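Welcome! Here is a short tour of a protein structure for you to follow along with. Please keep the sequence and the 3D view open as you read.

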Number of protein chains: 2
Amino acid sequence: MAEPSANPAPLQAETPAVAPAAEGAEDGSTSKKAAKKAAAKAAKEAAKARHAAERAAAAAASGSATQTEDLAKDNYGQETHETKFSADAIEINLKTLGDDHVGKTVELRAWIQNARMQGAKMAFVELREEGNWAIQGVVTASPEGAPVSRQMVKWVGSINPESFVVVEATVAKPLVPVKACRVTNYELHITKCFVHAAAPTMLGMTLAAANRPIANFSDEEVPVEQGVEKLSIVSAGETTATPAATMLTHLDNIVMHKRSAVQQAIADIRAEMKELYRSYLRSHGFKEFEPPCLIAAASEGGANVFRMPYFEKEAFLAQSPQFYKQIEIAGGRKRVFSIGPVFRAENSNTPRHMTEFTGLDMEMEIKKDYREVLDVLEGVLLHIFRNIKERCADEIALVRSVYPSDEFLLPEPGKEVRLTFAEGQKLLREEGPEEFRNVSDDEDMSTPQEKALGALIRKKYNTDFYVLDKFPESARPFYAKEDPTNRKVTNAYDLFMRGQEICSGGQRINDPVELEARIRTKGIDPASPGIKEYVDIFKQAGVPAHGGGGIGLDRVVAWYLNLPSVHLAAFYPRTPKRLLP
Amino acid sequence: MAEPSANPAPLQAETPAVAPAAEGAEDGSTSKKAAKKAAAKAAKEAAKARHAAERAAAAAASGSATQTEDLAKDNYGQETHETKFSADAIEINLKTLGDDHVGKTVELRAWIQNARMQGAKMAFVELREEGNWAIQGVVTASPEGAPVSRQMVKWVGSINPESFVVVEATVAKPLVPVKACRVTNYELHITKCFVHAAAPTMLGMTLAAANRPIANFSDEEVPVEQGVEKLSIVSAGETTATPAATMLTHLDNIVMHKRSAVQQAIADIRAEMKELYRSYLRSHGFKEFEPPCLIAAASEGGANVFRMPYFEKEAFLAQSPQFYKQIEIAGGRKRVFSIGPVFRAENSNTPRHMTEFTGLDMEMEIKKDYREVLDVLEGVLLHIFRNIKERCADEIALVRSVYPSDEFLLPEPGKEVRLTFAEGQKLLREEGPEEFRNVSDDEDMSTPQEKALGALIRKKYNTDFYVLDKFPESARPFYAKEDPTNRKVTNAYDLFMRGQEICSGGQRINDPVELEARIRTKGIDPASPGIKEYVDIFKQAGVPAHGGGGIGLDRVVAWYLNLPSVHLAAFYPRTPKRLLP
C-alpha cells in the first residue's frame, strides 16, 4: 500500500516495489483490441518479472554463501561528491547516440524506469532521459567478480523505479532490437552504477499509470489540502493492465504526472505553439510588450474579477490586457502583442474553465479595413497549425496514442472559411438540428449552437478552423466598433476550433465622442471606475483606428489535440477548488 | 491653460494651440552648452511660428474676401468611411522610403507632430510614424485653387499636434536636407489631407516635454486617482526650452509619455533583450514553461506577499516561480525557463522598487558542478549585452541623448570576472572606502557595500558585469545547497551590473532528508504551509541535482542604460501608491 509521506525508502530495497510497467501503456490506444493486447502483454511481463525475482532471490541466497569480498564495491552505491568516473568516459544523451559510440565508454545520467533481475548474474534496467527517450542497460556479473560482482547485479536489479542514477557503460549493439525502449539499436553494458537520488519504495503513481488517459476529471473538485489521502495505487505484480488514475491523483503526484511521456509531449507542443505565435507576429512587425496584472479598477462591470487589499487601497487582477494593448496603440505603436496570464474569478468547475490562463494577445493599427486584423489572427493561427504538425509530429502522435482524436482539419491555402454571423445562423437554421431552426441573427450563439455549427462547417467545408465575422451589436461590449454601413452588426469576430471559440476580437471605437455615446447606449455610466480611465485615453491625443484579438493558448492546445480537459494543456491548472501544487 | 478632460477640440481650430516643439529637445543633451543652444533654437522657432501665425491670419482675412468657392473641398477635412484616395497611391512607411518613390503618388498615415503656416499659400507639417521617424510635408496652394486651395493650406497648417492624419502626396527631394526630421532626403508635397483622429487643442504634455529627461520621480508617490489636476503645462509660444515634466505628469499623460522617442527606444531595447534571453536559452536546450501567479501558500515566511480571497479560501500572488521551476526539473525536464510577472507587496517607494515586475527565470539539471548553471546565466547575460549593442545601437544612442550614461563595460571573452564572496569582501577591506575596512566573510553585503565593490571592480577589471559566488550560508535561504567541501558557504551566487544585483541563484538541495534538516537548522517548521508542499516534491521520486537563477528584466534594462529609475524601464510601473494607468 502507499506510503506517500514517508521518508525516501532505503536504497537497497530488496525487491522492486512496483512491477515492470505494462508496456502497452505507452501505445495507449483505448480501442478494445489494443486494451486486450496490452493486458495480455502486461500479464506476460508480470509473470516474467515474478520468475526473475524468484530466480534473483535464489541466486542471491546462493551467492552470499560463496562470495565474501565484493571486488566491485567501488562501482556502485549512493553517489557522493567524491564518486569518480573514468576520465575518458564520454557524456552521452540518448537522442544523439550513434554508431560512433559503439565500443566506447560512456556516462549517462538518467532515471531508472524499470529494473529486473535475470537470474543471479544479470539484471536489466531501462534508463530514461527527458520525454520517452529510454535505453536498455544490462549489468552482468564478471566471472572474476570485478568490475561487476553478483552483489552489484542484485543491487542494480533492485533500485526503486524513478530513482535518478549515474552509470558508466560500454555502448553495444543488441542481438535483436530492444522493443521496450525508444532506443532500439543500442544497449548499455553497465560497469558502474550510482544512485544520485532515490525514489521511494512505493510511488504515489507509477509512470505507467501516469501515461494512461485520465479516468475522471470530476474529482479535481474535491478540496484536498495535502492531497495524500486519496492516491490511486497500482500494487506490485498486478496482472491486468495498469488502471488509469484520476485527475486528482495526477495533481497530487505532480512529479510523476509531469514525467509521463504524454504530459511532456503536450508541454512541448504548447511551448512550440507559443514560439510560433511569437515568431510570426515578430516577423510581421509586431512588438512585444508587457501589460500589468495588477490593475486599479475592474473593467467590464467587475463581475468575475479577483480583488485584493493593496496597501491602503484595493487592487484587481486583469481579466484581459485589452486596455493596455490599446494604450500601446494610442502611445504610437503600430502593432503590439503580449503573452501572459489573465485571470477570471468565475466559479465554474468544468473541464473548459480555469481561473488563470495564458492569453496570446495582439493589437494593431488599421489602415483601410478591420479585416486586416482578421488576416493576421487567421494567419498566425494557420501558421501555428501548419507548422506544429511538422515540428511536433512525434509529440502529436504520442498524445493521440493516449487521447485518440481525429486529425485537425485545415482549409486549403486560399480557401479559408469566413462566414458572417448571419450566414452561420442561416446554415444552422437550414441544415442544423431541429432545435436550432429558429435561431436569430440578433442574438449571440449558445455553446451547443456553436458546436452544431462547427459540425456543419466541418462537413461542408472540410475544416475545423474558421471565422465568424460581423457579430450582432447586442452580442458585443461597448468598445466594439459598429459596421458603418450596417449598425446592427459590429466589426467583430470570433475564431473557432472544432466548434469552440478560441479567439475573440474586433475593431475598437477610437473616437472618444462615439465611445461615450455607445457606453451610454449600453446603459453604462462613462464616469464609472475603469470606464472613465478607458475613455480618457482617447482624449489625450488622436488615436488611429485599431483592432485586435485575444487567443486562449490553453484552449488552442487542448482543442487542437482534442484533449478531454483544458486542464491537461496547462502546466499548473488553477480551478476554483484547487491551487496546489 | 490645460483642458485635459474636455471633449476633443473642434477640428478647424484657428491657430495651432501649442508652439512648434523645440527641436533641441530630441538631442536632449543636458550639458549647459547644449541647453543654451536648444534654448536659442527654441526662441528662434517660436518667433518664426509667431510670424507665421500672423501672416496666416492676415492671409486668411484677405483670402476669404477674394475666394468664394473652395475647389479643394474634397481634398481635406475629417476622414469618414467614404473618404477616397487615388487608386494608384502607394502606401509607404518612412523607414523604407527610397529614390524609387520620388515623383510617385503615395499615401501616408501618421501623426502631425508639428504644423505651421508659411505665408498664406504654404504650410509645413512634420508627419511622424512609430518611434522618431518623421518626414516634412509641404502643402502649397495651387494658383488655380485645386488640388490645394488657400483654405486647405490654412486648415492643414492649423491641425492640432498629435492628431492622426492620412495624406496623399508626391514624394520629392528637398533643395536642402530637412534637418528637423529623421527623413532628411525626401519630403512630401501634399495634395490631400484628412484628419482621422483629432488631438485636443491643448495636450496634457507636449511631445517635446515627453522627450525630456524626467525632472522628478518622488511625486509618483502622491496618490492621485484621476490624475488630471496636476498636469505640467507648456504654454504656447514659450520662448525658453521646453521644461521637463515630472514622473507624475508622465504617468497621467501615458499616451504622450509613450509617444516619446525615448520611451519607444527603451521599449524596443527591453523587447529585444527579452528576445535575446529567450533565443539563447532555447538554443541551449531550455524549454519554456509557465508557472502560475495564483498560489495556495506564501513561501518564504509570508512577508511581502499579496493575499486575496479565493472562493472559500485564500490565494497568494507568487513572489518567484522557483517552486515551479523545481517541479519541472523533478518532473523530468533537463532545462526550463520562464518569462513572467512576479509580485512583491513591499511598501518601498524608491526608484529601485516595483510591486510587479518581470522575472526571467531558468532552472537546469546539474551534471557535475553547480558552475554549469553559472555558465548559462553569465552566458545569457553576456549574449544579451553583446548583441543589444548592435541590434539597438540607434535606440541606445537615443536613450543616452536624453539620459546620459557611461558605456556599459563588458569583460573580454574568456576574461569574465567571478569572485567569491570572500574575495569580494577582501577587496572591499583592502581597497574600499574606510567604512568597509572591517566587513566580514560571514555576513551579507549591504547595498552601499555592493556599490563600492562595483566601483572597485570596474577600476580593477574594467567591467560593469561580474559574478559574486559562494555566498555565506547565513546569507542564503534554506534551499541553498552548501558547498560539500566547506559548509560555511553555499553554491549560490549573485550577478551584478554597475554594482547592483540583477540576478540571484544557486544550487538547490535535492535530497529531502538534507532539505528537512536544513529547514530545521534555519528555525523553520518543515510542516508549515508552503514548506511542506515544497519538501514533498523531493519525496515523490528521485530528483537530480539542479540549480537556477532569476533575472529581473526591469533592472537589467534600467541599469544597462543607467536610467534614473527602474520605473522608466517598465511598460506600466506598479508602485505601492500607484496602479494607474
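## Residues with a positive phi

Arg498(B) has a relative accessibility of 15%, so this residue counts as buried, the cut-off being under 20%. Before we go further, please note that the model is predicted. You can find Arg498(B) in the loop that links strand 18 (492-497) to strand 19 (500-508) of chain B. Its backbone deserves a look too: phi of Arg498(B) is near 45°, which is a positive value in a residue other than glycine.

Glu162(B) also has a positive phi without being a glycine, with a value near 75°. To find Glu162(B), look in the loop between helix 3 and strand 6 (164-172) of chain B. Is Glu162(B) buried or exposed? With a relative accessibility of 1%, Glu162(B) counts as buried.

## Chain A as a whole

Chain A holds 15 helices and 20 strands. Of its 581 residues, 61% are buried. The chain exposes about 22,400 Å² of surface, and carbon and sulfur atoms supply 51% of that area.

## Cis peptide bonds

Now find Ala146(A) and Pro147(A), which are joined by a cis peptide bond with omega of about 5°. Pro147(A) sits in the loop between strand 5 (134-140) and helix 3 (150-157) of chain A.

Chain B has a cis peptide bond as well, running from Ala146(B) to Pro147(B), with omega near 5°. Here Pro147(B) belongs to the loop between strand 5 (134-140) and helix 3 (150-157) of chain B.

## Helix 3 of chain B and its cover

Which residues of helix 3 of chain B are buried? They are Met152(B), Val153(B), Trp155(B), Val156(B) and Gly157(B). The cover over these buried residues includes strand 1 (76-78), strand 3 (105-117), strand 4 (122-128), strand 5 and strand 7 (187-197) of chain B.

## Two helix pairs

Two packed helices are described by the angle between their axes and the distance between the axes. On the helix 11 side of chain A, the contact involves Gly424(A), Gln425(A), Leu427(A), Leu428(A) and Glu431(A). Facing them from helix 12 of chain A are Gln449(A), Ala452(A), Leu453(A), Leu456(A), Ile457(A) and Lys460(A). Sorted by class, the contact of helix 11 with helix 12 of chain A has six nonpolar, three polar and two charged residues.

Next, move to chain B, where the axes of helix 9 (residues 371-391) and helix 10 (residues 393-402) come within 5 Å and cross at roughly 85°. Helix 9 of chain B is therefore roughly perpendicular to helix 10 of chain B. Helix 9 of chain B contributes Ile388(B), Lys389(B), Glu390(B) and Arg391(B) to the contact, while helix 10 of chain B contributes Ala393(B), Glu395(B) and Ile396(B). By class, the contact of helix 9 with helix 10 of chain B has three nonpolar, no polar and four charged residues.

Start with Leu561(A), in the segment after helix 15 (553-560) of chain A. Leu561(A) is buried, with a relative accessible area of 1%. Leaving aside residues up to four places away in sequence, Leu561(A) touches Ile266(A), Ile269(A), Ile396(A), Val399(A), Tyr403(A) and Ser405(A). Leu561(A) and Tyr403(A) are 158 residues apart in sequence, yet their C-alpha atoms are 8.0 Å apart in space.

Ala397(A) is part of helix 10 (residues 393-402) of chain A. With a relative accessible area of 46%, Ala397(A) is partly exposed. Finally, Asn253(B) lies in the loop between helix 5 (247-252) and helix 6 (254-259) of chain B. Asn253(B) is buried, at a relative accessible area of 5%, and its side chain reaches the backbone oxygen of Thr249(B) at 2.9 Å.

How values were computed:
Residues are numbered from 1 along each chain as its sequence is written. Chains are lettered from A and ligands numbered from 1 in the order in which they are written. This is a predicted model: local features need pLDDT of at least 70, side-chain atom pairs count only at pLDDT 80 or more; totals for chains, interfaces and linings use all residues. Side-chain values use heavy atoms; hydrogens and water are left out. Helices (H or I, at least four residues) and strands (E, at least two) are DSSP runs, numbered from the N terminus. Buried means under 20% relative accessible area, exposed over 50%, partly exposed in between (1.4 Å probe, protein chains only). A polar contact is a pair of N or O atoms within 3.5 Å; within protein, one must be able to donate a hydrogen and the other to accept it, and residues adjacent in sequence count only if both atoms are side-chain atoms. Accessible areas come from the Shrake-Rupley method with a 1.4 Å probe; for residues, only the protein chains shown count as cover. Contact means heavy atoms within 4.5 Å. Ala, Val, Leu, Ile, Met, Phe, Trp, Tyr, Cys and Pro count as nonpolar, Asp, Glu, Lys and Arg as charged, and the others, Gly among them, as polar. Axes are lines fitted to C-alpha atoms, for helices over the stretch in contact, and angles run from 0 to 180 degrees between N-to-C directions. Angles under 35 degrees count as roughly parallel, over 145 as roughly antiparallel, 65 to 115 as roughly perpendicular and the rest as oblique.
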